[in-house]
Amino acid sequence: MQSPESRTQSSFNTIGVIVGRDLIGDALIKLPFVRALRHAFPKAEIHWITSQGPTFYASALREATKNLIDVVDEQPEWIKGQGTAPHFDLLIDTRNRWREALAAKHIPHTVFLALAMRFLFSDRRPSLFDSKLPHMVDRLLQLVELASGQKPVFAGALPVRADLVQQARKILPEGKTYVGLAPGAGNPVKIWPRYKFEMLAELQANKGRVPVFILGPQEQADYAALAAVVPAAKFPLQDFDVWGAGFLTLDHTLAIASLLDVAVANDSGVGHMLAAVDCPLISLFGPTSPEKLAPRISHGKVIRAQDFGDDRMKAITWEAVDAAVDGMLRFSPLAGEEAKT
């Protein structure tokens with residue numbers, strides 16, 4: 001029988017991934033890990049297992065991730081030690097708690113990997129001399145590397161519903177360069193001032209590009225003011241005549257994001273939605289840490305308030321963000337022709 005150390009990736013027919021729960025932000029942040037796992041083990045049956053609650057991979061993101069995750073088990077009885085647990089060729093515990101890792105190790109498996117206590121309970125571990133990676137996604141990708149023996153490949157985009165893209169094209173027709181602007185965030189300290197988003201939008205409009213504001217429910221009150229200040233801007237999530245629906249879903253936002261040439265977002269859920277379709281993204285950070293939280297995408301840039309002498313978001317200048325947008329468009333393979341001139 002093969003030892004856990006010699007077990008090759010081709011031998012992993014079933015893979016179990018244990019998480020606590022996944023709210024929408026958690027699920028979006030973990031997408032690079034899910035992509036990397038599927039890329040490393042394209043033929044394996046991947047099970048996503050929650051121990052503490054639901055996961056958006058079973059609801060809003062189920063259709064989009066059906067080719068990445070085969071089975072979603074929300075709080076199965078056997079995760080609580082009740083009943084008979086299935087056997088997994090590879091079992092990964094992402095929860096980073098040693099008691100839970102010890103309990104998970106009793107689930108039948110061939111190879112076990114767990115983040116807890118610097119991989120102490122894992123069958124495979126990085127070198128003890130390696131520094132702990134600050135970003136949660138990088139630590140998850142390290143699990144994939146330990147399992148496969150190869151550098152993880154995590155780039156890619158979620159598939160987007162074709163019917164919604166077609167509708168979004170009525171708002172954002174081909175032939176223009178679209179600059180997405182996501183001015184919201186769950187925590188006010190993470191928000192770049194609205195007037196700076198307005199100035200950025202005007203600067204981009206003056207260059208012949210179309211500012212596209214992505215406004216969630218929390219920013220709905222800003223809609224009228226933004227539309228008045230930046231008349232050239234588009235507000236696709238408020239264009240209910242096109243969508244024919246009074247309640248828009250995550251899929252609508254993903255459809256819009258897939259048509260943007262570049263976007264600017266705070267450290268926010270919308271930022272991770274943009275990253276989910278691999279939209280070229282400029283992420284604005286202040287009091288929170290990009291080393292831990294910045295989206296992992298193919299074309300991304302982080303602008304930190306600290307580089308302007310303060311940790312408050314207002315320290316970031318619109319000139320710096322405007323220049324970053326220009327630079328991203330100049331080198332992005334997705335950019336429209338007029339953006340490159």
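What span should the 13 residues of helix α7 have at 1.5 Å a residue, and how far apart are its end C-alpha atoms? Figure 1 takes up this point. This is a predicted model, in which local features need pLDDT of at least 70, side-chain atom pairs count only at pLDDT 80 or more, and totals for chains, interfaces and linings use all residues. Residues are numbered from 1 along each chain as its sequence is written, and side-chain values use heavy atoms, with hydrogens and water left out.

Figure 1. Helix α7 covers residues 194-206. Helices (H or I, at least four residues) and strands (E, at least two) are DSSP runs, numbered from the N terminus. The helix should span 18 Å, and its end C-alpha atoms are 18 Å apart, so the two values agree. The expected span is 1.5 Å times one less than the number of residues. The buried residues of α7 are Lys 196, Phe 197, Glu 198, Leu 200, Ala 201 and Gln 204. Buried means under 20% relative accessible area, exposed over 50%, and partly exposed in between (1.4 Å probe, protein chains only). Accessible areas come from the Shrake-Rupley method with a 1.4 Å probe; for residues, only the protein chains shown count as cover. These buried residues pack against β6 (178-182), β7 (210-213), α8 (223-229), β8 (262-266), β9 (281-285) and α13 (318-331). Contact means heavy atoms within 4.5 Å. Gly 208 follows α7, and its phi is positive, near 90°.

**Figure 2. Salt bridges of Arg 194.** A salt bridge is a side-chain nitrogen of Lys or Arg within 4 Å of a carboxyl oxygen of Asp or Glu. By this rule, the count is 18 salt bridges. Arg 194 meets Glu 198 in one of them, at 3.1 Å from N to O. Both residues lie in helix α7, four residues apart, about one turn of the helix. Glu 198 is buried because its relative accessible area is 10%. Arg 194 is partly exposed, at 34%. Arg 194 also forms a salt bridge with Asp 222, where the closest N and O atoms are 3.0 Å apart. This pair links distant parts of the chain: Arg 194 is in helix α7, and Asp 222 is in the loop between β7 and α8, 28 residues apart. Asp 222 has 24% relative accessibility, so it counts as partly exposed.

**Figure 3. Other charged pairs.** The side chains of Lys 80 and Glu 77 meet in a salt bridge at 3.7 Å, N to O. Lys 80 counts as partly exposed because its relative accessibility is 46%. Glu 77 is partly exposed too, at 43%. Elsewhere, Asp 93, Arg 95, Arg 97 and Glu 100 are linked in a network of salt bridges.

**Figure 4. Two nonpolar cores.** A nonpolar core is a set of buried Ala, Val, Leu, Ile, Met, Phe, Trp, Tyr and Cys residues joined through side-chain atoms within 4.5 Å. The largest has 66 residues. Ile 15, Leu 37, Phe 41, Leu 90 and Leu 274 have the most contacts inside it. Helix α5 (residues 136-148) gives the most to this core, with seven residues. A second, separate core has 26 residues, including Val 179, Trp 192, Phe 197 and Ala 201. In soluble globular proteins, nonpolar side chains tend to be buried together.

**Figure 5. The surroundings of Ile 15.** Residues up to four places away in sequence are not counted here. Ile 15 touches Leu 37, Phe 41, Ala 44, Glu 45, Ile 46, His 47, Phe 88 and Leu 90.

Figure 6. Trp 98, Leu 102, Met 117 and Leu 120 make a nonpolar surface patch of about 370 Å². Patches are made of residues with over 30% relative accessible area and no salt bridge: like charges are joined within 9 Å, nonpolar side chains (Val, Leu, Ile, Met, Phe, Trp, Tyr) within 5 Å. Leu 102 is placed in helix α3 (residues 98-104). Its relative accessible area is 35%, so Leu 102 is partly exposed.

**Figure 7. Ile 297 in its loop.** Ile 297 lies between α12 (290-293) and β10 (300-304). It counts as buried because its relative accessibility is 16%. Ile 297 touches Ala 275, Asp 278, Cys 279 and Leu 281, leaving out residues up to four places away in sequence.

Figure 8. Most residues other than glycine have a negative phi. Phi of Gln 75 is positive, near 45°. Gln 75 lies in the loop between β3 (71-74) and β4 (88-93). Phi of Arg 118 is also positive, near 55°. Arg 118 is found in helix α4 (residues 116-119).
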